[in-house]
Amino acid sequence: MTSKQKYLLDVCREENLLRIILLILLAIATLKLTFPSPVLAAEISSGAKIFQNNCSACHIGGGNILVSQKTLQKEALSKYLTNYNDDAIQAIIHQVENGKNAMPAFKNKLSEQEVLEVAAYVFQKSEQGW
Ligand code: HEC
């Protein structure tokens, strides 16, 4: 083999390697796009359970059986919930931890992680329109 042939062979190998690397990167990117972050998904599904067990008695389907206009719909949250328009999840966390008027505080009932999970769930549902 001449040195020129050898050189060409080397270039081909490198190109193949690059192609394989690109394919792998593409595969990873596609997987990431197809399956949303498993962490967020897990948070929302356990958030759903926490909501079911602690909130749905008063907020079934994102409504409010006690103060009918103060629902968990996006429009109501943005109108009635303090600081919702600045930091939605933080505002929901605050309401859940401290309660307000007829809504009990959950600070001593739910862990910080559970409050975060249920707040993320409420936020997601409100964005989807329940
Ligand atoms: C005993 C009934 C009751 C339970 C249980 C309850 N809430 Fe509430 N919730 C209320 C009432 C009443 C309000 C309206 C409070 C006010 O502003 O006067 C409210 C308001 C809210 C708001 C603000 C809505 C708005 O439009 O202003 C959020 C967010 C909220 N609740 C989330 C939750 C979550 C999450 C849970 C479960 C961890 C929960 N609530 C459990 C009664 C309840």
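The protein is divided into domain 1 (1-35) and domain 2 (38-128), with bounds taken from an automatic or database domain assignment. This is a predicted model, in which local features need pLDDT of at least 70 and side-chain atom pairs count only at pLDDT 80 or more, while totals for chains, interfaces and linings use all residues. Residues are numbered from 1 along each chain as its sequence is written.

The C-alpha centres of the two domains lie 49 Å apart. Along the principal axes, the C-alpha trace spans about 85 × 30 × 25 Å.

The secondary structure consists of six helices and zero strands. Both are DSSP runs numbered from the N terminus, with helices (H or I) of at least four residues and strands (E) of at least two.

Buried residues make up 18% of the 130 residues. A residue is buried if 20 or more other C-beta atoms lie within 10 Å of its own, exposed if 12 or fewer, and partly exposed in between, with C-beta atoms placed from the backbone. The largest nonpolar core has 15 residues; such a core is a set of buried Ala, Val, Leu, Ile, Met, Phe, Trp, Tyr and Cys residues joined through C-beta atoms within 7 Å. Helices H2 (38-54), H5 (88-98) and H6 (112-128) each supply at least two residues of this core, and H6 gives the largest share, six residues. Among the residues with the most contacts inside the core is Val122. Leaving aside residues up to four places away in sequence, Val122 touches Phe51, Leu72 and Ile92, contact being C-beta atoms, placed from the backbone, within 7 Å.

The ligand is surrounded by 26 residues, the closest being Cys55, Cys58, Tyr80, Asn101 and Met103. A residue is counted here if its C-beta atom, placed from the backbone, lies within 6 Å of the molecule. Helices H3 (56-59), H4 (74-80), H5 and H6 each give two or more residues to this shell.

Gly62 sits in the loop between H3 and H4. Gly62 counts as buried because 20 other C-beta atoms lie within 10 Å. Its contacts beyond four places in sequence include Thr71, Lys125 and Trp130. Ser126 is another contact of Gly62; the two C-alpha atoms are separated by 7.6 Å, although the residues are 64 apart along the chain.

How values were computed:
Two residues are in contact if their C-beta atoms, placed from the backbone, lie within 7 Å.
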